[in-house]
Amino acid sequence: MTKKPKRIGILTAGGDCPGLNAAIRGVGKTAIVKYNMEVIGISSGFLGLINKDYIPLEEKMLSGILTVGGTILGTSREKPFKKTGHLSIDKPKLIKEHYDELGLDCLVCIGGNGTQRTATGLVEHGLNIIGIPKTIDNDVWGTDETFGFDSALWIATDAIDRLHSTANSHKRIMVIEVMGHHAGWLTLYAGMAGGGDVILIPELEYSMKRVNEYLLERANRKKPYSIVVVAEGIKKHKQDSAASYIAEQIEKGTGIETRKTILGYIQRGGSPSPYDRLLATSFGAHAVELIAKEDYGKMVTRKGDHISDIPLKEVGDKVRLVPKGHPLIQRAMGLDICLGAK
Ligand code: F6P
């Protein structure tokens, strides 16, 4: 007797990033073409499973999306395990009911830390799940890299490159704020790639006094301008943004004209880099191989040169931060880049 083809659902949850469509295509095409599976696209993250909002995905609907930014499925920050005002609705139970009604054999959850946490909770409610890590923040525990990071690195680096000429023309200090939530990956990498003079990340304590001394020393050495790259997650003392706080403190402390740029959502938009297209496609294809083997409850990872996977429950509540001994931190110190150390 031939086995019934598997029916799988895909959703994208949390903040979007470049490469989501490449991952959807990687999952969908491998599932349909290689394994003859049926694929359902769930709309707007976990909200789509709560509201039964979905569309069947055919192979031809997955053509032409590899290079497109955002997500064709939509996303949301819906957290079904978070207690809200509507105490009467048991969202995880509803999700399980709708998963069963849809006849799903597995749900592929493409998202960051919050999504992988929700996915782990749903495994405990009896769903078969495969997680795929994405985020420009690069902070998902258990994988060396998430897709979205490389594209955002290009964007942030390009922005820093462009600040050099205007900073030089006006002999100013330019402060640029980079995303990353509580992690400094994007700031450290873009700061180094863009030739930042000061790089401040949440993982390293900084002293404003030291930063200002360093900037004054540069001015005394007739360096015409300075670029200060700050992570959104650094301590900002009641100011609305890290860039506002740092720029204000620098101008006060050095007397040098200072401007700020908050890069914001530009970092998450647009077409994925070639590297992210490859990573997202490989993650998607590996997810389907796990489903074909019925090896559920896993999150796809990249470890060194290998695409691999780990049990979702190992990821838990952990967040991947920049280790204090990271080689780029050592290199930055060797180049006399100021990391704000007290
Ligand atoms: O995608 C990750 C991220 O960009 C973080 O760096 C940032 O703090 C957060 O999302 C903001 O996104 P939203 O406004 O969509 O919650």
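**View 1. Residues of helix H6 meet residues of helix H11.** In this predicted model, Leu188, Tyr189 and Met192 of H6 are in contact (heavy atoms within 4.5 Å) with Leu328, Ile329, Arg331 and Ala332 of H11. By class, this contact of H6 with H11 has six nonpolar, no polar and one charged residues, where Ala, Val, Leu, Ile, Met, Phe, Trp, Tyr, Cys and Pro count as nonpolar, Asp, Glu, Lys and Arg as charged, and the others, Gly among them, as polar. Residues are numbered from 1 along each chain as its sequence is written. Local features need pLDDT of at least 70 and side-chain atom pairs pLDDT 80 or more, while totals for chains, interfaces and linings use all residues, and side-chain values use heavy atoms, with hydrogens and water left out.

**View 2. Helix H6 is mostly covered.** Seven of the nine residues of H6 (residues 185–193) are buried, meaning under 20% relative accessible area with a 1.4 Å probe and protein chains only. The buried residues are Trp185, Leu186, Thr187, Leu188, Ala190, Gly191 and Met192, and what covers them includes helix H5 (149–170), strand S6 (173–178), strand S7 (198–200), strand S8 (226–231) and helix H11 (327–334). Helices (H or I, at least four residues) and strands (E, at least two) are DSSP runs, numbered from the N terminus.

**View 3. Two domains are assigned in the protein chain.** The assignment, automatic or from a database, gives domain 1 (7–148 + 272–304) and domain 2 (152–268 + 324–334). Their contact takes 11 residues from domain 1 and 10 residues from domain 2.

Note on methods
Buried means under 20% relative accessible area, exposed over 50%, partly exposed in between (1.4 Å probe, protein chains only).
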